[in-house]
Amino acid sequence: MAKTLYKTLPEAESARRRNITFDFNYEEINVPTSLKEFAKGKTYHIHTYGCQANYRDEEIMAGLLEKAGFCKGNSEKETDIIILNTCAVRENAEKKVFGKIGDLKSFKVNNKNAIVAICGCMVQQKHIIEHINKTYPHVDLIFGTHNIIDLLNLLDEVITKRLRIVDVKSLPGDIHENLPSVRQSNFKAFVNISYGCDKFCTYCIVPYTRGKERSRKMADILKECQELKDLGYKEVTLLGQNVNAYGKDFKDGSSFARLLDEVAKIGIPRVRFLTSHPWDFSSDMIDVIAKHKNIMKYIHLPVQSGNDEILRLMGRRYTSEQYLKLVNEIKTKIPDVALSTDIIVGFPNETYEQFLDTLKIVREVKYYSAFTFIYSPRNNTPAAKIKDNVTPKEKNRRFHELVKTLEEVIDPINQTLIGKTFPVLVESVSEKNSELLSGYTEHNKLVHFKGDKKLIGEIVNVKIKESHLYFLMGELVDG
Ligand code: 5AD
Ligand code: SF4
């Protein structure tokens, strides 16, 4: 077994720190000459779990690897470099990754010279790194969310020194601009506007794994969006753990409302943004969304719980009344808005009555869609230290009750769509039926309909014929 070189290891205590400074770096990435040689004729494969931030990180890693001369492999089984880009937000996500790392044992036996690397939020935790090192000797490289930029140098070191390397920093460094990237779609793009999160919701690991909230400069974001427009992109999603806090760290009056206004003016047909924390959602933002036709009238507004005591324990900084007041302002100023949400059931010691408040808010807001989760304790977060008296069985039962309630809200909304025609951005051939195309409405409803593959990447009009809970069936109206 190769010796392990520990360059840096993450510490939960220091990952909490927010009094850090950083700069904006515009320098080009240098590829080590020996890596360029090594990369000739070799392939890479990246397996991404989790959220859109990871999806975008994959595109940057692909950009770095292709700059070094590696090509994207056709098959995971025969690649020279495999990277697992992981998620730590719930235990389930981590279990999946451990399963996958286990599977890679036989891959490594058949491909002795291949390199297995693990990165992403999961390895920002020291106990996970220790577990991987003890249990999975076939892993060659572990690097963190704060040093993706070092990928090429780290690979070069693994190859030339024949060492196992761990380099996971607790704290973020500079914001790097002008990084190479290989976008996975040529009509739909994610654009980072900020990194990290300072909200520290008590159940959430993200502020530790992704670090302090740092905004990109508005000029850099607008340049990226303009380039995407010039390349003919149809949709851009502005990304941040909490987009509404954009620009607050500049202390110069920058705000998400201003950024969104400027991005909309570039004229990309569809502008979206993810995710909004209700606490920072300003009236100015609502006005900007209402003003521009190309900002989709779809807002993902995680509520997490409908009960004030649970919200307080979660550290969410709003009451159900304040949340509903915001929803009311949004619905008044943007009458055709669709709201979606995230909900956690089974927060430590949540009573059934408190859970019922969540069902109440679901019925009141009438969400168009929702992501639902059973609370999962995360190492070193404040909530994980609370002794919990709710059994897993009861949490499961509540989870199913929540899903049923959501279905009772979503089904009538979907029924009202039948007979109406909506613009749909065509994404792909349907996964389940190769005769159908799949795409999304402005309200982010998934629609399947018959059409020519040539329409992929176009916005077409589709008349809704049938409503199902999680998708709609439609008919193309024009060519
Ligand atoms: N347990 C369950 N769900 C969680 N989320 C974040 N942390 C946890 C956790 N520890 C959910 C929240 C968040 C979404 C991205 O994941 O609902 O909005
Ligand atoms: Fe996690 Fe809360 Fe930050 Fe969202 S706002 S990433 S839930 S800490």
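Helices (H or I, at least four residues) and strands (E, at least two) are taken as DSSP runs and numbered from the N terminus. The model is predicted, and local features need pLDDT of at least 70, side-chain atom pairs count only at pLDDT 80 or more, and totals for chains, interfaces and linings use all residues. Residues are numbered from 1 along each chain as its sequence is written, and side-chain values use heavy atoms, with hydrogens and water left out.

E157 belongs to helix 6 (residues 151-161). Its relative accessible area is 14%, so E157 is buried (under 20% relative accessible area, with exposed over 50% and partly exposed in between; 1.4 Å probe, protein chains only). Leaving aside neighbours within four places in sequence, E157 is in contact (heavy atoms within 4.5 Å) with L5, K7, R162 and I165.

F250 is located in the loop between strand 13 (235-239) and helix 9 (256-266). With a relative accessible area of 25%, F250 is partly exposed. Apart from neighbours within four places in sequence, F250 is in contact with F24, S215, R216 and K217. The C-alpha atoms of F250 and R216 are separated by 9.7 Å, the two residues being 34 residues apart along the chain.

Beyond its neighbours within four places in sequence, F256 is in contact with I193, L238, V243, N244, Y246, F273 and M285.

The shell around ligand 1 (residues with a heavy atom within 4 Å of it) is made up of V89, R90, Y203, Q304, D342, I344, F373, I374, Y375, S376 and R378. Strand 16 (338-345) and strand 17 (369-374) each supply at least two residues of this shell. An N or O atom in the side chain of R90 lies 2.9 Å from an oxygen atom of ligand 1. A nitrogen atom of ligand 1 is 3.0 Å from a backbone N or O atom of Y203, and a polar backbone atom of S376 lies 2.8 Å from a nitrogen atom of ligand 1.

Definitions and conventions: Chains lettered and ligands numbered in written order. Polar contact = N/O pair within 3.5 Å; in protein donor to acceptor, adjacent residues only side chain to side chain.
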